Amino acid sequence: MISIEAVSKRYPDGTVAVDGLSLEIPDRSITVLVGPSGCGKTTTLRMINRMIELSGGRILIDGEDIQHKPVNALRRSMGYVIQNAGLFQHRTIVDNIGTVPRMLGWSKAKARERSMELMERVGLDTSMAKRYPYQLSGGQQQRVGVARALAADPPVLLMDEPFSAVDPVVRRGLQEELLRIQSELGKTIVFVTHDIDEAIRVGDMIAVLRTGGKLAQYAPPDELLSRPADAAVEDFLGADRGIRGLSFFGTEQLPLERNGIVAVDATAAQVAERAADLPQLLVVDVDGRPLGWADAARLRASGARNDTAGLLASGQTFRLGEDSLRVALDCAVLSPTGWAAAVDGEGRAVGVVSQEAIARAIREAHGRRGTAPVDVGAAR
Amino acid sequence: MNGFFDMPSDLQHSYVGLIGLHLQEALLPVAIGLVLALPVAQLCVRFKWLYPPVLWATTVLYAIPSLAFFVVLIDYTGQTETTVVIPLALYSLVVLVPAIVDGVRSVSPETNAAAVAMGIGPVRRYLQVELPIAVPAIFAGLRVATVSSISLVSVGALIGNQGALGNLLADANLYHRPILAVSSVVTTAVLAILADAALVLIRMLLTPWLPKSARRARRGAGGPAGPDANGDAGDKAGGLPAGGTLGDGTTDVRPTAGSAL
């Protein structure tokens with residue numbers, strides 16, 4: 001646990017970068033510091049490893065004041081990942097990753113072995129070990145940066161806008177990679193970004209800072225989206241936060257219409273057994289995979305008869321229990337019939353659900369969590 | 001080419017001996033200059049306010065004509081090699097200090113921050129991160145300083161046979177043997193070109209990490225910005241960059257070695 005207690009940073013010229021900030025950063029989770037430029041998020045991060053000395057308050061790591069530790073030992077106990085990776089351009093990838101282990105006195109062979117292991121962990125081909133940074137793409141360099149930070153297996157990882165300089169597609173991949181690595185390693189990660197979407201995607205807890213280094217809100221992402229503390233935070237979260245908040249609700253509880261599916265070779269008699277009140281049925285192939293939507297009345301009259309030509313495209317499907325309500329709603333919105341099809345892990349259809357049913361499920365899910373959305377504007 | 005390699009006896013050296021002497025008088029100052037420039041440049045990087053006055057001082061030193069410099073020094077160091085070596089070493093600072101400063105500054109802020117965050121102390125950071133990354137810029141400076149020094153040694157001839165190959169110019173006059181002047185000029189030029197090539201080779205061996213494209217850019221750059229390494233007595237070329245332009249790691253100052261002729 002990293003405890004930031006009433007920490008301030010004032011510069012000699014009077015600028016206040018951080019002002020009385022207090023945060024409890026839980027172990028083995030990703031805590032994101034997010035805010036506009038000039039909100040002191042990077043300053044706060046750099047005070048944790050004393051790259052910037054604090055001018056008020058204190059920071060404890062597992063109860064121990066960081067001021068009482070030798071500065072270089074403190075820094076080596078934390079991995080650090082920076083924008084643009086900041087690799088040593090004159091060293092090979094394997095040597096870059098092995099920097100801290102070598103300083104800690106590991107043998108060359110052991111450091112090398114560790115580097116190779118980490119290259120695989122961050123999704124880099126070990127054939128790149130002997131290359132120099134310039135021979136790698138930006139995304140690959142950033143992976144090396146993450147591997148280098150993990151090299152000595154520090155319990156804490158500080159990440160300073162690590163993915164800001166790569167293009168959105170690569171950034172998305174790196175974020176997913178980070179979450180995968182985190183699920184395997186369980187580090188205490190402090191992650192700085194100015195991108196609220198990135199914060200919501202990777203954060204277990206999000207601290208929103210405002211200009212002048214004050215804490216505006218500290219909450220898990222779903223709570224942040226459903227109950228922003230004030231208008232400024234709401235503004236920072238941007239439009240459609242309600243829709244985005246649905247990412248945190250599962251689809252397990254959706255009231256699926258399991259009787260709305262019919263096989264492509266079904267007879268009129270078989271169709272008649274299906275739910276009578278549905279305007280259309282989802283036609284699936286012999287393996288149970290969705291083929292498309294068919295008009296229920298027409299099917300009841302004549303059976304499916306292997307006729308796939310007249311079907312409306314089934315559109316996107318969502319995986320029941322794995323995808324979020326946001327994905328389910330998106331499927332329903334995109335569907336030509338206004339209904340979404342749920343599939344299992346193998347892609348077999350398990351049920352259908354209407355936009356209206358999803359909307360009811362959203363309200364119920366909010367009610368269960370006690371996170372009913374609050375209209376900040378009305379509250380004011 | 002008759003007599004090209006026959007040295008007058010007053011020089012007390014064979015042709016090869018003169019080349020050795022010339023290289024010694026030219027390269028020793030550059031080596032001394034480098035040893036001086038490294039700490040000075042590091043101070044300039046650490047204390048930013050120091051850089052402008054240091055640049056000013058090296059430029060003023062460079063502006064002193066070499067002949068005048070020699071004459072002043074003769075009172076203290078006599079008609080010796082030392083009298084030639086001291087000014088040349090000081091002249092080399094005008095290129096080497098900015099080259100090293102720019103080289104060290106070319107280390108990206110992210111790389112520096114990462115090094116600090118990894119608990120790499122200042123001394124280690126200097127030796128293992130900043131200096132290696134500054135190598136291309138330092139070598140760009142060394143090339144200019146070396147070629148310039150090789151041509152300037154000849155001026156030593158005017159203070160009593162301390163000009164190594166330059167002494168041949170005086171002897172060509174004295175003994176009415178123009179071939180000696182040709183020998184002096186051609187040999188000096190060839191030495192400058194070879195020394196430059198050697199430095200490029202060493203740089204390439206030291207920097208396998210440099211992008212190929214940057215190397216190409218290096219070859220193409222320079223030209224007019226390079227100094228004019230004039231071998232003529234008393235005149236240091238006008239084209240030396242007096243500051244700041246030596247390299248963010250991609251630009252280069254390419255000495256036009258051929259103009260030593």
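Select the two domains of chain A: their centres, taken over C-alpha atoms, are 43 Å apart. Domain 1 covers residues 2-247 and domain 2 covers residues 261-364; these bounds come from an automatic or database domain assignment. The model is predicted: local features need pLDDT of at least 70, side-chain atom pairs count only at pLDDT 80 or more, and totals for chains, interfaces and linings use all residues. Residues are numbered from 1 along each chain as its sequence is written, while chains are lettered from A and ligands numbered from 1 in the order in which they are written.

**First stop: strand β1 of chain A**

Select residues 2-10 of chain A, which form strand β1. Helices (H or I, at least four residues) and strands (E, at least two) are DSSP runs, numbered from the N terminus. Within β1(A), find A6(A). Is A6(A) buried or exposed? A6(A) is exposed, because 12 other C-beta atoms lie within 10 Å. By definition, a residue is buried if 20 or more other C-beta atoms lie within 10 Å of its own, exposed if 12 or fewer, and partly exposed in between, with C-beta atoms placed from the backbone.

Next, display the contacts of A6(A). Leaving aside neighbours within four places in sequence, A6(A) is in contact with G20(A), S22(A), G56(A) and G57(A). Two residues are in contact if their C-beta atoms, placed from the backbone, lie within 7 Å.

Now select residues 56-61, strand β4 of chain A, which is antiparallel to β1(A) and joined to it by 5 bridges. Two strands pair if DSSP finds at least two bridges between them. Look for I2(A), which stands opposite I61(A) in β4(A). I61(A) also stands opposite E64(A) in β5(A). Strand β5 consists of residues 64-65 and pairs with β4(A) in the antiparallel sense over 2 bridges. Together, β4(A) and β5(A) form a hairpin with 2 residues between them. In the turn, D62(A) has a positive phi of about 50°.

Move to the open sheet of 4 strands in the order β11-β12-β13-β14, where the pairing is mixed. Its edge strands, β11 (261-263) and β14 (312-313), each pair on one side only. Between β12 (residues 280-284) and β13 (residues 290-295) there are 5 bridges, and these two strands run antiparallel. Select Q280(A) to find D295(A) of β13(A) opposite.

Of the 261 residues in chain B, 43% are buried.

Select helix α4, residues 81-105 of chain B. The 25 residues of α4(B), at 1.5 Å a residue, should span 36 Å, and the end C-alpha atoms are 36 Å apart, which agrees. The expected span is 1.5 Å times one less than the number of residues. At V94(B) the helix α4(B) bends by about 35°, and a proline, P98(B), follows within four residues. This bend is the angle between axes fitted to the seven residues ending there and the seven starting there. In α4(B), 20 of the 25 residues are buried, so the helix is largely enclosed by the rest of the structure.

**Last stop: where the chains touch**

Finally, show both chains. Here 15 residues of chain B are in contact with 20 residues of chain A. On the chain B side, α5 (109-117) and α6 (122-152) are the elements that give two or more residues. The largest share, 6 residues, comes from α5(B).
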